[in-house]
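Please view the sequence and the structure together before reading on.

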Amino acid sequence: MSQASRPPDREETFRALYESAYSDLIRFVQRRAHPDHAEDVVADAFLVVWRRLNDVPNDQDDARAWIYGITRNILLNSNRSELRRQALGVRLADAMAFSDDSSADLAATRVDLARAWHRLSEVHQEALSLAVLEELTAPQAAAVLGISPVAFRLRLSRARRALQLHLDHLPQATPLPAELAGRTPR
């Protein structure tokens with residue numbers, strides 16, 4: 001069997017796709033997202049291409065369009081994730097701004113909660129935010145995440161435990177000087 005009649009192997013096919021589309025995809029992403037993220041997005045796209053190599057259209061132009069579609073979907077998912085993160089930050093800030101209790105203890109509790117929140121994994125943050133901030137039921141939140149309600153309840157339970165664990169083990173903050181804490185010196 002001659003080499004010309006052999007079907008290309010996976011690595012060869014992938015390499016050809018990569019070489020034909022990489023630089024165009026980088027420019028495509030740089031026009032739509034922060035330039036610093038372009039290489040990561042394109043790398044994610046080629047990871048999907050590798051996993052779905054059997055689905056690549058045979059025609060080279062169709063294959064390029066297919067890869068652009070994958071890249072666009074990754075960009076959209078990335079943008080949605082960033083918007084969710086920003087929305088969550090806004091909701092947390094709103095929740096803190098509309099409280100009528102402005103005591104130092106409450107402020108310290110909020111700071112501890114914010115610090116513990118940032119230590120949670122994204123999976124735990126997402127579960128807690130869907131349940132607490134978005135006020136979704138377990139079946140609704142499960143549908144958002146594409147998991148079963150039982151799996152969501154388990155995830156939420158783990159998220160609550162993780163948050164409590166972080167709250168219990170936060171390093172002690174340095175106390176503010178009395179002038180800054182709102183106390184008058186004696």
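Which pattern does the protein follow when read along the sequence? The model, which is predicted, follows the pattern α-α-α-α-α-α-α. Its secondary structure comes to seven helices and zero strands.

**The whole protein**

- The protein has 186 residues, of which 24% count as buried.
- Among contacts with a separation of 6 or more, 62% are accounted for by residues 24 or more positions apart.

**The second largest pocket**

- Rolling a probe the size of a water molecule over the atoms shows where empty space is left.
- The second largest pocket holds about 390 Å³ of space.
- The lining of this pocket consists of 14 residues, and the closest to its centre are Ser-81, Arg-84, Arg-85, Glu-126 and Ser-129.
- Two or more lining residues come from each of helix 3 (60-97), helix 5 (122-133) and helix 6 (138-145).
- Helix 5 gives the most to the lining, with six residues.
- Sorted by class, the lining has six nonpolar, three polar and five charged residues.

**Helix 5**

- The buried residues in helix 5 are His-124, Gln-125, Ala-127, Leu-128, Ser-129, Leu-130, Ala-131 and Leu-133.
- An α-helix has 3.6 residues a turn, so residues three or four places apart point the same way.
- Just after helix 5, Glu-135 takes a positive phi of about 55°.

**Ser-129**

- Ser-129 has its place in helix 5, and this residue is among the closest to the centre of the second largest pocket.
- Why does Ser-129 count as buried? Its relative accessible area is 11%, and a residue is termed buried when that value is under 20%.
- The side chain of Ser-129 reaches the backbone oxygen of Glu-126 at 3.0 Å; Glu-126 is also one of the residues closest to the pocket centre.
- Which residues does Ser-129 contact, leaving aside its neighbours within four places in sequence? Ser-129 is in contact with Leu-88, Trp-117 and Glu-134.
- Leu-88 and Ser-129 are 41 residues apart along the chain, yet their C-alpha atoms are separated by 7.4 Å.

Technical notes: Residues numbered from 1 in each chain as written. Predicted model: local features only at pLDDT ≥ 70, side-chain atom pairs only at ≥ 80, totals over all residues. Heavy atoms only, no water. Helix = DSSP H or I, 4+ residues; strand = E, 2+ residues; numbered from the N terminus. Buried < 20%, exposed > 50% of the residue type's maximum accessible area, 1.4 Å probe, protein only. Contact = heavy atoms within 4.5 Å. 1 Å grid on protein atoms, 1.4 Å probe; cavity = no way out; pocket = protein on both sides within 12 Å on 5 of 7 lines; lining within 4 Å. Points joined across faces, edges and corners; volume = space filled by probe spheres on them. Nonpolar A, V, L, I, M, F, W, Y, C, P; charged D, E, K, R; others polar. Polar contact = N/O pair within 3.5 Å; in protein donor to acceptor, adjacent residues only side chain to side chain.
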